[in-house]
Amino acid sequence: MVQDQPDLHLEMTLSDAELDRYARHIVLREIGGGGQARLLASHVLLIGAGGIGSPAIQYLAAAGVGKITAIDDDEVALSNLQRQTLYGSGEVGAPKVAAAAKAVARLNPGVRFTGIRERIGAANADRLLGTARPDVILDGSDNFATRLAVADAAYRLRIPLVSAAVAEFEGQLGVFRGWEADKPCYRCFVGHDPERAEVSCAEQGVLGALTGVMGSLAALEAIRCCAPFGEDSAGKLLLVDALALRFRTLALPKDSGCTACS
């Protein structure tokens, strides 16, 4: 379903510099000046500033998302640089949120960046996300416990969730708004509390460029949440197989037996 067109009167809020900077968005019929104004007024919160968060932050900042918040307690490591292109060799050892703040300021000084150096989990997810109250959450975290905690909090707070993951040569991406009658929540997709062994990126490896693909696609979906265009992605799951260069989209039905949203 094609979304309604942006309100044209919102174009008046753009400065001359913004009209020039975001000209390639503005000429898109589906976005226009109104959509760009919406992006400038939007707030995207990222869980993780690593393999997925790194390219997502770059494209969200370049797109003119007015406020970006990133929650990450990690430091830049030399082994990160194979895929986390937001950082350079000189930032090894620096907190990722501090290095990301410098990168965003360089990319687009008109974007407000807030870094929260804290590990998010079930005990503090409601506080962190509820205090920030973003328009959309982009989760690129690297462990399943964090993804569940974030998804549950996003559902309780009714904040759209863009969830992206990558391992070895495969990636997946979904948008979740489980409080809506016809849309699944994250637990409709993964189950209530599935038992699965956590395998780190260091143990199984990951194709660096694939994290760039998935992070960029996650940024695209976050932008779609802020300034709607094209078809609604909620209720779909994108699967990427880099070995075969295959992209598949599956329908995710709402689980009538889901303990979270049914």
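Mentor: Start with Asp152. In this predicted model, Asp152 has a relative accessibility of 19%. The cut-off for buried is under 20%, so Asp152 counts as buried. Its partner is Arg187: the two side chains meet in a salt bridge, at 2.7 Å from N to O. This pair links distant parts of the chain. Asp152 sits in helix 7 (residues 144-157), and Arg187 sits in helix 8 (residues 186-190), 35 residues apart. Arg187 is buried too, with a relative accessible area of 12%.

Now move to Asp232. Asp232 forms a salt bridge with Arg177, and their closest N and O atoms are 2.6 Å apart. Asp232 lies in the loop between helix 10 (208-226) and strand 7 (236-241). Arg177 lies in the loop between strand 6 (170-176) and helix 8. The pair therefore ties together parts that are 55 residues apart in sequence. Here the partners fall into two classes. Arg177 is buried, at 13% relative accessibility, whereas Asp232 is partly exposed, at 25%.

This pair also belongs to a network. Salt bridges link Arg177 and Asp232 with Glu180, Asp182 and Lys183.

Next, look at Asp241 and Arg246. They form a salt bridge as well, with the closest N and O atoms 3.7 Å apart. Arg246 is partly exposed, at 44% relative accessibility.

Finally, the total. The model has 13 salt bridges by this count, including Arg187 with Asp152 and Asp232 with Arg177.

Definitions and conventions
Residues are numbered from 1 along each chain as its sequence is written. This is a predicted model: local features need pLDDT of at least 70, side-chain atom pairs count only at pLDDT 80 or more; totals for chains, interfaces and linings use all residues. Side-chain values use heavy atoms; hydrogens and water are left out. A salt bridge is a side-chain nitrogen of Lys or Arg within 4 Å of a carboxyl oxygen of Asp or Glu. Helices (H or I, at least four residues) and strands (E, at least two) are DSSP runs, numbered from the N terminus. Buried means under 20% relative accessible area, exposed over 50%, partly exposed in between (1.4 Å probe, protein chains only).
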